[in-house]
Amino acid sequence: MNLRCTRALARSLKRSLKRSLKRSLKRSLAPSLSLALSLALSLPLSLSLSLSLALSAAPAAAQEFKLAMSTPATSMDPHFNNLVPNINVSNHMFETLTKMDANSRVGPGLALSWTLVDKLHWEFKLRKGVKFHDGSEMTAEDVLWSVERPATIVGSPGKFDSFTSAIVAKKIIDPHTIRFTTRQAHPLILADLTSVFIVSKKATQGLSSEAFNSGKGMVGTGPFKFVKFQRDDRVELARFDDYWGPKKADWSKVTLRFIPNGATRVAALLAGDVQAIEHVPTPDLERVRARADLEVYTKTSHRLIFLALDAARAPSPFVTAKDGAALAKNPLQDLRVRRALSMAIDRNLIKARVMEGLSDPTNNLVPPGMFGHNPALLTTTHDPEGAKKLLAEAGYPDGFGLTLHTPNNRYVNDEKIAQAIAQMLARVGIKASVKGLPIAVFSARGAKREFSTYLFGWGAQTGESSTTLRSLLACEDPAKGFGGFNWTRYCNARLDAMLVTAMGTVDSKLRLALLQNAAALAVKDVALIPLHHQVTTWAARKGYVYQARTDERTLAQFFTKR
């Protein structure tokens, strides 16, 4: 072929490439690449082709994001079970009227603004033009439905109605305005509504919670749309391109992998099978931090890790004599025994040996800086001799036996913490065996009151201690939304009275004093045994940035590529 023919062929190929690139731009390339494309078309053919390939390949690689979660979600229904693994997943697809930022401060969500009309009436203005994933517009009718639905859920092991029970009446003013009436002054309503996901009434009416797992009803307003749920394995999502927010998610496709085993999660990150993980195993933390190709993010969370004690029943199913024989009465009903258990636990040793520093020992319900923290509640001193003395005074000089139940795939080192506590209890004469369970099994059994002593965790979702008090320690009262996770049935009328008054008090100084006093009463009564506030960790491949959150949420939309 002569030179003239060669040049003609090159020109023909370049014209064809221009047409192809322009079509590609219209279909898939971001507008910000237009200038780069124009430059490419003015380059020689070989350079133009190289740039074309680079432009077409780079976004495809960057737009898929794989994230490894430490605990499987148990349901896709965003109103079924108030557990962080479920909430984590729901937050990708569903949104709330108000939102918490990374430091648990309340701001606008699907509600653009709100007004306290008088002490009992709140009016919320909804954002206009917000679309559900099926293309329909979100209206006040959907909001009303979403606020009423949590109380109707059947078989929930952890109901969301504690966040809606203060609302006794609802009125639609217009398609984008709704008014709520509360039973009494309720300053927590803005924080409460950060936990109530808005769903499409049309898509969810009449559906059972189980139906959501196959994709029915999975119609939210969030940055990602539901694609597929494989139980105990993964959730697949796709970017919602009509998302109302100021910034679309960086990722066109997201896969949330459920990898409970910590070593396996780290291996997946190192191999590049995922771009980020949550809850770096404590034995691997220094090794991960030392790698130049990884980034680590940490933050003390508002999650309290504690022991719960069944002091309401006599006898209790898993409290026995040391030889396993039944006891006539339940030792946990004696305050001296409960105090002895707390004194037997060395929280600083757990921090150093089990948590590798990723815990803040406490005797409080919420960490310092959070509303309701009581600085007078000092961490219980480890005193095994004092514990033995209390046990002897209570009539158990030789101790007794108990089973300590714990999740084994939910909190940082949950089963290891339980094993360490069992060894500490043995030193004061209590024979404790540990039974670890997956969180789905654990929560279902816990809700049925099948445990005597168990390790559990609780995050103060509203940003103050009232959430912990009303969910874990208030006398069970579904009408008030009290005691939803009070599986031990602890009940103290004085504490409830303080809590009710606090939740109806607008004066922040008075409310703070009431919440601090309620916490002090619960701790003095050893209604539960606080252990520590958990420090949360995330790790990502180099160049992936995440803003660590007090609420421990792990959300793909807040990972960005540097």
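Helices (H or I, at least four residues) and strands (E, at least two) are DSSP runs, numbered from the N terminus. The model is predicted: local features need pLDDT of at least 70, side-chain atom pairs count only at pLDDT 80 or more, and totals for chains, interfaces and linings use all residues. Residues are numbered from 1 along each chain as its sequence is written, and side-chain values use heavy atoms, with hydrogens and water left out.

View 1. A pocket is an open set of points on a 1 Å grid over the protein atoms alone, with protein on both sides within 12 Å along at least five of seven lines; a cavity is a set of points where a 1.4 Å probe fits but cannot get out, and lining residues have an atom within 4 Å of a point. Grid points are joined across faces, edges and corners, and a volume is the space filled by probe spheres set on the points. The largest pocket has a volume of about 730 Å³. It is lined by 35 residues, of which Lys99, Met100, Arg549, Leu555 and Phe558 are the closest to its centre. Two or more lining residues come from each of α4 (84-93), β2 (95-96), β3 (98-100) and β4 (106-108). Strand β4 gives the most, with three residues. By class, the lining has 15 nonpolar, eleven polar and nine charged residues; Ala, Val, Leu, Ile, Met, Phe, Trp, Tyr, Cys and Pro count as nonpolar, Asp, Glu, Lys and Arg as charged, and the others, Gly among them, as polar. At least three lining residues are drawn from each of domain 1 (64-293 + 542-561) and domain 2 (301-534), with domain bounds that come from an automatic or database domain assignment.

**View 2. The second largest pocket.** The second largest pocket holds about 460 Å³ of space. Of its 24 lining residues, Ser156, Pro157, Gly158, Lys159 and Gly484 are the closest to its centre. The lining is made up of ten nonpolar, nine polar and five charged residues. Because domain 1 and domain 2 both give residues to this lining, the second largest pocket lies between them.

**View 3. The largest cavity.** Rolling a probe the size of a water molecule over the atoms shows where empty space is left. A search of the whole structure finds five cavities of 30 Å³ or more. The largest cavity has a volume of about 120 Å³. Among the 14 residues that line the largest cavity, the closest to its centre are Asn82, Val84, Arg303, Trp458 and Gly459. Strands β14 and β19 each supply at least two lining residues, and the largest share, four residues, comes from β19. Six nonpolar, five polar and three charged residues make up the lining of the largest cavity. Both domain 1 and domain 2 give residues to it, so the largest cavity lies between them.

**View 4. Helix α16 and what covers it.** Helix α16 (residues 466-473) is mostly covered, with eight of its eight residues buried. Buried means under 20% relative accessible area, exposed over 50%, and partly exposed in between (1.4 Å probe, protein chains only). The buried residues are Ser466, Thr467, Thr468, Leu469, Arg470, Ser471, Leu472 and Leu473. Their cover includes α6 (189-192), β14 (294-309), β19 (453-459), α17 (493-503), α18 (508-524) and β20 (528-541).

**View 5. The disulfide of cysteine 475 and cysteine 491.** A disulfide is counted here as a pair of cysteine sulfur atoms within 2.5 Å. By this rule the count comes to one disulfide. Cysteine 475 and cysteine 491 form it, with their sulfur atoms 1.9 Å apart. The link of cysteine 475 and cysteine 491 is right-handed, with 95° about the S-S bond. Both cysteine 475 and cysteine 491 lie in the loop between α16 and α17, so the pair ties together parts that are 16 residues apart in sequence. Cysteine 475 is buried, with a relative accessible area of 12%, whereas cysteine 491 is exposed, with a relative accessible area of 52%.

View 6. Asparagine 409 is found in the loop between β17 (401-407) and α14 (414-426). With a relative accessible area of 13%, asparagine 409 is buried. Contact means heavy atoms within 4.5 Å. Not counting residues up to four places away in sequence, asparagine 409 touches Ser70, Thr71, Pro72, Pro260, Asp414, Leu437, Pro438 and Ile439.
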